[in-house]
Amino acid sequence: MNIVRTGNGIRNFTDTGLVARKVDFTEIPQIDFGPMASEDIADRLKVAAALKDACMNVGFFYLRNHGVPQEVIDATFDAAKRFFATPFEEKMRIHIRQSNNHRGYGPLLEENTDPTAKGDLHEAFDLSLDIPADDAEVLAGHTLHGPNVWPESVPNFREPLTHYYDEMILLGRRIFQAFALALELDEDFFAPKIKRPGSSMRVLYYPPQEGVIDEKQIGIGAHSDYECFTILAQGGDVEALQVLNASGEWISAPPIPGAFVVNIGDQMARWSNDLFKSTLHRVINRSGRERYSIPFFYGCDYATILTPLPNCVDEEHPAKYEPVTAYEYVSGRFAETYGYFKKEES
Ligand code: OGA
Ligand code: NI
């Protein structure tokens with residue numbers, strides 16, 4: 001048995017080295033999101049029931065028929081490739097440590113998502129809501145809001161990424177409605193908590209790993225995400241993502257054209273008192289090809305107090321988590337993952 005320490009506690013998994021079981025697609029739920037747009041609540045409740053089943057029994061799902069135009073996704077992958085192909089010195093001009101609010105470029109080994117490992121083998125570009133530096137909330141602190149940074153030397157980069165970001169904000173609002181229905185809450189329960197959400201987006205580049213692989217140095221070490229849920233686009237047909245299913249086995253989650261992978265993050269685990277546990281996942285790119293991905297992490301407004309929902313707590317299921325603000329939670333997790341962040345915060 002192996003363990004991963006997450007912000008929500010220790011988690012176990014069966015130790016099978018770097019191997020993931022390949023499963024028939026029928027074992028990984030594919031949710032047709034189309035009926036969420038229906039006027040008929042019965043249709044929306046069916047989506048919510050499928051989501052609940054997926055979250056409780058598997059831990060993640062593919063989202064189909066999500067309404068985000070393929071051109072928007074393709075244009076963002078194209079921009080990502082052009083950015084990562086620019087010279088190292090150019091990328092380093094917008095190194096993430098120069099930003100007060102976690103925006104910009106992270107080179108190979110900048111992060112160590114699994115604190116017991118030796119660094120992650122990916123490059124990243126991070127953006128989030130673009131909020132001016134003189135905004136009252138930014139000036140007051142306790143937030144990671146602030147302005148985005150952009151590379152000067154990559155034409156047509158900001159536009160596609162911003163467009164993609166905006167699409168995710170809209171899609172994510174609808175996913176929140178499905179989560180609310182799945183938790184037997186008012187459909188708009190989360191709406192007041194995601195007015196100015198702490199939601200970040202990354203474009204990631206994973207070089208191929210050849211030869212013998214050190215288990216402690218892979219594309220991204222085993223971890224759970226820190227927000228409510230993550231909407232992930234995988235580029236090309238490179239199989240590298242592995243997700244821990246509800247039975248504690250690593251399952252390969254290859255890209256399915258036209259579908260996003262959605263997984264639960266720590267904030268949703270806290271709201272639901274672990275009815276929906278956050279999904280452990282990792283990336284190992286042994287395909288021999290370059291891999292690109294775009295995760296979008298949808299979190300609550302930074303001042304929101306994350307606390308187990310009353311209808312998820314009873315005698316049998318006492319509250320597992322102390323109240324904490326979304327800012328305290330996410331910034332605490334960043335401090336564990338990023339060397340640069342810890343130094344600046346302390
Ligand atoms: C992450 C992550 C998966 C991927 O950035 O948190 O898990 O496929 N990414 O890039
Ligand atoms: Ni992740």
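Me: First thing: where is the place of His-142?
Reply: This is a predicted model, where local features need pLDDT of at least 70, side-chain atom pairs count only at pLDDT 80 or more, and totals for chains, interfaces and linings use all residues; side-chain values use heavy atoms, with hydrogens and water left out. Residues are numbered from 1 along each chain as its sequence is written, while chains are lettered from A and ligands numbered from 1 in the order in which they are written. His-142 sits in the loop between helix 4 (136–140) and helix 5 (158–182). Helices (H or I, at least four residues) and strands (E, at least two) are DSSP runs, numbered from the N terminus.

Me: What is the phi of His-142?
Reply: Positive, about 50°, although His-142 is not a glycine. Most residues other than glycine have a negative phi.

Me: And is His-142 buried or exposed?
Reply: Exposed, with a relative accessible area of 63%. Buried means under 20% relative accessible area, exposed over 50%, and partly exposed in between (1.4 Å probe, protein chains only).

Me: Which loop holds Asn-65?
Reply: The one between strand 4 (60–64) and helix 2 (70–84). Asn-65 is not a glycine either, yet has a positive phi of about 55°. Asn-65 is exposed, at 52% relative accessible area.

Me: Switching to the ligand. Which residues come nearest to ligand 1?
Reply: Tyr-206, His-223, His-281, Arg-291 and Ser-293, out of 13 residues around ligand 1. A residue is near a molecule or strand if one of its heavy atoms lies within 4 Å of it.

Me: How far is the polar side-chain atom of Ser-293 from an oxygen atom of ligand 1?
Reply: 2.6 Å. For Arg-291, a polar side-chain atom is 2.8 Å from a ligand 1 oxygen atom. An N or O atom in the His-281 side chain is also 2.8 Å from an oxygen atom of ligand 1.

Me: How much of ligand 1 does the protein cover?
Reply: 97% of the 290 Å² of accessible area that ligand 1 has on its own. Accessible areas come from the Shrake-Rupley method with a 1.4 Å probe; for residues, only the protein chains shown count as cover.

Me: Which strands supply at least two residues each to the shell around ligand 1?
Reply: Strand 7 (200–206), strand 8 (220–223), strand 13 (281–283) and strand 14 (291–298). Strand 14 gives the most, with 4 residues.

Me: What is that shell like by class?
Reply: It has 8 nonpolar, 3 polar and 2 charged residues. Ala, Val, Leu, Ile, Met, Phe, Trp, Tyr, Cys and Pro count as nonpolar, Asp, Glu, Lys and Arg as charged, and the others, Gly among them, as polar.

Me: Back to strand 7. Is Leu-204 buried or exposed?
Reply: Buried, at 3% relative accessibility. Leu-204 is in strand 7. Its C-alpha is 14 Å from that of His-95, 109 residues apart along the chain.

Me: And where is Cys-300 found?
Reply: In the loop between strand 14 and strand 15 (305–306). Cys-300 counts as buried, at 1% relative accessibility. Cys-300 and Ser-199 are 7.5 Å apart, C-alpha to C-alpha, and 101 residues apart in sequence.

Me: Last one: where does Gly-258 lie?
Reply: In the loop between strand 11 (250–252) and strand 12 (260–264). Gly-258 is partly exposed, with a relative accessible area of 35%. The C-alpha atoms of Gly-258 and Pro-69 are separated by 9.2 Å, with the two residues 189 apart along the chain.

Terms used: A polar contact is a pair of N or O atoms within 3.5 Å; within protein, one must be able to donate a hydrogen and the other to accept it, and residues adjacent in sequence count only if both atoms are side-chain atoms.
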